[in-house]
Structure formats: C-alpha cells, structure tokens
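Open the model in your viewer and keep the selection tool at hand.

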Amino acid sequence: MKVLIPKSKPAKGAVGKTGLWRTSKPVVNHNKCIKCVICWAFCPETTILRFEDNSVDIDYEYCKGCGVCANECPVNAIEMVED
Amino acid sequence: MSIIEDKKSLSNVKVVTANEAVALAVKCAKVDVGGAYPISPQTSIMEYLTKYIETENIPMEIVRVESEHSAMAVAMGAAAVGARAFTATASQGLLYMAEMVYWVGSSRLPVVMAITSRAMGAPWILGNEHTDVLLPREWGWMVLFPEDNQEVFDTIIQAYKLADTTLVPVVVGLDGFILSHTTMPISIPDQSIIDNFIPKNTPKPYALNTEDPFTHGNAVHSNLYLEFRHNIFKTIEDSEDLVDEIDKEWSKLTGRSYGGVIEEFLLDDAEVAVLVMGASSGDAKEAAKKVREKYGIKAGVIRLRSIRPFPVKRLSKIAQKVKAIGVFDRNMSPGLGGMIATEVKFALYDLKNRPIVQSYIGGLGGKDVKIADFENILVELKEMVDGKREVEKVKWVGLDLAAIEKFLEEV
C-alpha cells in the first residue's frame, strides 16, 4: 500500500483563507501612520502588506483579526473595527 | 537450534539481562541517534548504550534530555532527517511521552522503542504489567512482544526491518524486571548478517531535505485527516504476513524462529488453549504439558508475539481447531475485560464456529502468576467445553480482597 506521508511545502494560505476566521478587522489611518513598520514586524501571520515607501496596508484575505498590530502601533494609527 | 548446539557462533554467546540484549541489538542495528531519559525498569538500556559509546566508540549520538516527551522528540527529529533512531521508556514515562509517540506514529517515521513493561500509579508501583506496552497500539505503532532475552535481541533487529518496510514505528515490549533484570545467554549473529538484514539505504520518502524543503504534519482541513488515518490502519492491517516473513527470513540466517505473529505450542490436537504474551508464556507452556500428563486434557498455548498487526488471520485458523481459548491479560480495560481478550473476541466474532473465549485478568502490578494458575485456567476451559462450568465476562486470577481490606484497616 502506498504510504501517505503528511508532508507539506511552504505556500501562501496553506490552510485556506484564514481571513474568514475574523470577527473584527484592523483599519490603518494613513494620516496618522509614521511608516515605522512595527506592525509589519509584529504581525504573526505576515498579513501586513509593506510597500516601497514603508506605508502599510492589511491583507484581509488572510488577516485573522488578532489585533496585535493595533496594540503595537506607537501612534494608534490602527483601529480594530467590527467586521 | 539451541545456542549450545550452535558451536560455530558459540564465541558470540553473551550472558546478559534483557535490557543489555536491547542495547546490544541497538548497537548491532547501527542506530544513529537515541533520546535518553531514565525510568525503572528501562534505565540500564540507555546506560549500556552510553557505555558502548564511551568504551567502544560506537558511532551513535545519545541526547540526554529533560523528559520522556523530549526523548521521543529527539528520536522524531533524528528519524525525520533519515537517521536510524531509538528510545526506551516504561510506565509513567510512556504516559508523559504520549503526545510525541502519537506524532511519530502519524508522521510515518520508522522509530523503534523498547518498553520495559511496568504498571502505572496510583498507587505508586514498580511491578510488571502489560498495559503500558499495549497503549501505543492505538497510536499508530506496531507492537511486538518477545518471550525471553534472545528473542528480545532478535525482535529489536526485526523491528527495524518492519519499521523500515512499512514506515510505521515499532514498540518492542519486554517484561519489566522478569526479563529486564534477569540474565540469560544470548547468541549474537555476525555483524554482516545484521547489516544485510536491515540495510540503511531503504527508501525514505519522509526524510527532510534542504534541496527540496518541506515540513511534517502541517495543518490539514477535516476533508483530508480521515484518509491519513485510513492509510495507517490499512498498512498495519496488511502487515500480518510481513511479520511472519521477517521471522522466516531471520530464521534462515540464524536458525531461530518464533512463529511470526503467534508461536503455536502443542496446538495441533489441542481442545483448549491459553493465550498469553511475554515471559509468562514459559509458565503457560509448562502448565499445558502438566495438564496433558495429569488429566489427559489436550491443552496448548497461543503465544501472541504481534499485537499490532493483530493476527486476525492466524488466530482465525487456530480458532477452527480449538474449542476454548482462555485469554490471560496482564492488563485491563476498566469495566470491560482484558484488552487482548476484547480484541480476540472482535477478531473471532465473524467466524461461523467460534470457540469459547474466556477473559482472565491477573498479574497486575507484578503480582505473581504461577504455573498452577495456568493449569487451573486450562482445567476450567475444559470444564466450559464439557458444559460443566459457565463462561463469565471476566475471571480474576489471584484476587485477594480480604488482604486489601486488612491493609486499609491498618493504615
């Protein structure tokens, strides 16, 4: 019998669109953002999108809405709002 | 062929405990990595191995860790990169290790683990019992159970063959203290025989590889998990013949055969038989001979060597011949029966003419079980066949409720 090894390769969204798990979502206030990218560094699911000028946005397909980014932002530029 | 007749290999005879037999087999299997955490009665296995590393410079790495959980994690990590891995534990240690044991089983990593059987607390206890050895049969492992020190050595070697072939890890159980701390002569085959029997270059589709990186056991959705479990189920179910074949192949090389999944003792004409595992089988065999002499009862012994795969095919054949099987369990499933008796009944239920199956529970926590107890079992089975005695759900051997009441009164 062919042996099934439970192996997997790194891939984006290997266990599906985790954005569906979210109950509240982070929203970036670009007027307040100082482009420090602390949110990008802290996001446990790498769903902060970082652009060339260090501005950021959220990948809502995979963001689980944990709120770590909002908690870590030093200028309160990220707000959690009901999804 | 007894080791005394085997003059050619007499120079390779050593007088050792079963724990040292395990360590010698691990050395001969050229195991690469072991995880070590002490627990009685297993501790000396890893101690012997560290001695071989110190004195003989064997190319094995032993990682001394802080718990059994980590000991199995070491074995898992080693196996995951394609190394040959080993660890050993018992009793409470196995319970603490349990999470990693399950991970190894379901990751299809061919680790071999020795479990020196021991009962589990409470109350705190060191004595022999088989419940711990049997637990991994539900955790995606094969489970083999040898009878004496020579067979312990041989079964460790066979376990690597079985694991490498099926990619299912294997537990080798051995009776704590009764074997683990008892010396017997064993014959060690030439190293070239072992090297050819269990080559290290078998296919390793699970082995991690930096050229083509992947991970083990990442999350899956519920629509895929059942299929992985089914695959493990079928692999173990289909391995009954393989255990027989490995035993035959080993016998051609060494002259020692143990009957594969089951050793059949005096079963050709047997009317009643006791089914037993491990060291007590010797007592059961003596009892079978005695009741034949004393009462003319055609008695035999079914020695269960392989618990996973469970030998449904062989047992069904034996069940066509005998009229009653007494399953002696040195373990129990609380409130139901002996664990093996339960499985024997499951295996035989679909037969048209199935024998009586009587569950006996005894020897828990190392309580002595004597030849006379097995004689009594065989006589009772004959009475059941003759309709002179009722079959009961469970019969207890050596149960002394008056003694325990007296003990608690005095506390």
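Start by selecting P123(B), which sits in the loop between β5 (112–117) and α5 (131–134) of chain B. Helices (H or I, at least four residues) and strands (E, at least two) are DSSP runs, numbered from the N terminus. The peptide bond between A122(B) and P123(B) is cis, with omega about -10 degrees.

Before moving on, a word on the model: it is predicted, so local features need pLDDT of at least 70 and side-chain atom pairs count only at pLDDT 80 or more, while totals for chains, interfaces and linings use all residues. Residues are numbered from 1 along each chain as its sequence is written, chains are lettered from A and ligands numbered from 1 in the order in which they are written, and side-chain values use heavy atoms, with hydrogens and water left out.

Next, select S40(B) and P41(B): the peptide bond from S40(B) to P41(B) is cis too, with omega near 0 degrees. P41(B) belongs to the loop between β2 (33–36) and α2 (43–56) of chain B.

Now try L167(B), in the loop between α6 and β7 (170–175) of chain B. Phi of L167(B) is near 55 degrees, a positive value in a residue other than glycine.

On to the helix pairs. Show α1 (residues 18–28) and α6 (residues 149–166) of chain B, which pack at about 30 degrees with their axes 8 Å apart. That makes α1(B) roughly parallel to α6(B). Axes are lines fitted to C-alpha atoms, for helices over the stretch in contact, and angles run from 0 to 180 degrees between N-to-C directions; under 35 degrees counts as roughly parallel, over 145 as roughly antiparallel, 65 to 115 as roughly perpendicular and the rest as oblique. Contact means heavy atoms within 4.5 Å, and here the residues taking part include A21(B), L24(B) and C28(B) of α1(B), and V152(B), F153(B) and I156(B) of α6(B). The contact has 11 nonpolar, one polar and no charged residues. (Ala, Val, Leu, Ile, Met, Phe, Trp, Tyr, Cys and Pro count as nonpolar, Asp, Glu, Lys and Arg as charged, and the others, Gly among them, as polar.)

Then select α4 (residues 91–107) and α8 (residues 222–237) of chain B: their axes come within 10 Å and cross at roughly 85 degrees. That makes α4(B) roughly perpendicular to α8(B). Y102(B), G105(B) and S106(B) of α4(B) meet Y225(B), R229(B) and I232(B) of α8(B).

Another pair is α11 (residues 312–321) and α12 (residues 339–348) of chain B, packed at about 75 degrees with axes 10 Å apart. This contact divides into six nonpolar, one polar and no charged residues.

The largest cavity has a volume of about 100 Å³, where volume is the space filled by probe spheres set on the points, joined across faces, edges and corners. Its lining has 13 nonpolar residues, one polar and one charged.

Notes. 1 Å grid on protein atoms, 1.4 Å probe; cavity = no way out; pocket = protein on both sides within 12 Å on 5 of 7 lines; lining within 4 Å.
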